[in-house]
Amino acid sequence: MLCVIDHKKTRLEYKAGCLLIRRPGSRNRLQTIGINQLDQVVVYGNPVAETAVWRNLAEAGIPVLMLAARGRPQAAMLGSGLAVRLPLRRMQHRLADRPVACLSMARWFIREKISGYSLPLITLVKHFHGDPGDAEQFRRQCEHADNQLAHAATVAEVMGIEGRLAHGWFRLLARTLPSRFRFRERNRRPPRDPVNALLSLAYTLLLSEIRQALLIEGFDPSLGFLHQEYPGREALALDFLEVFRGGVDDFILQWLAAGKLDKSSFYYREEEGCRLARKTRPLFYQAWAGRREEWPRPGGGRAPLREVLLGCTARAR
């Protein structure tokens, strides 16, 4: 279950294995949710919460994503600490010191990402009726990138292949999506149009769950193979995010195609960029919760997101 707290006067309490949510109102409405029912908690703004809430959510391995109500500062992610599976983590650190192993893993992440483009490409062609030649050109670009990976001699070359392909994908979106979405290119911090606002939010939600899945499996999320180490960056989580970006893009395209959005669905301010309006956020999270329960598996089929995430991390071992 996805739990979204989106009112600054909400109060969160913990009691006997349950999260108690007291929302403002004439009757001080109370909702009780067993922690073992939760998959993720998303918090906007500054609700009042007992410290026992965060402690017990962390102990249960439930990822918490804290988003500023007005877009800044950056999102904060809470969860359990590093798992106790030291042998796996030691192996990860040893492999990260070996250039050949890093290159092999980097290739694997990007091959998975290339494969993942097939799903949103089908949705884009089906619902937005762009030039078939543009879509076919991108398909050929994916094939070319996959062939190039075999000859990449460094992780930097792999990143270059991925960067060119990502640029091609977003250029295809800019050519195909209707002008009312104002999408011209991928931008963030802050996002400048509705498509980028949706992509950034969905990527952040997914990154929170990837991070928790890595901790559960025993990986160190800060030490990656494709993304380089940097203070405050959880590089391995970003590595795995590449594998799942196609699923996010497909979800966003399907939601846009549903036609439930208009100008009032978003707001724009110079410092904050483009953001989902408060009335639109429940609709987004309802749709996201549905996709989480039927996330596309690599190779076909669908399953709950957590199951797919754990399967992916297991394959990476």
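Biologist: Which residues in α3 meet which residues in α5?

Modeller: This is a predicted model, in which local features need pLDDT of at least 70 and side-chain atom pairs count only at pLDDT 80 or more, while totals for chains, interfaces and linings use all residues. Residues are numbered from 1 along each chain as its sequence is written, and side-chain values use heavy atoms, with hydrogens and water left out. Arg107, Ile110, Arg111 and Ile114 in α3 meet Cys142, Ala145, Asp146 and Leu149 in α5, where contact means heavy atoms within 4.5 Å and helices are DSSP runs (H or I, at least four residues), numbered from the N terminus, as are strands (E, at least two). By class, this contact has 5 nonpolar, no polar and 3 charged residues; Ala, Val, Leu, Ile, Met, Phe, Trp, Tyr, Cys and Pro count as nonpolar, Asp, Glu, Lys and Arg as charged, and the others, Gly among them, as polar. Helix α5 covers residues 132-149, and its axis lies 10 Å from that of α3 at an angle of about 165°, the axes being lines fitted to C-alpha atoms over the stretch in contact, with angles running from 0 to 180 degrees between N-to-C directions. The two helices, α3 and α5, are therefore roughly antiparallel to each other, a label for angles over 145 degrees, whereas those under 35 count as roughly parallel, 65 to 115 as roughly perpendicular and the rest as oblique. Their crossing is left-handed, which is to say that the near helix is turned anticlockwise from the far one by less than a right angle, clockwise being right-handed.
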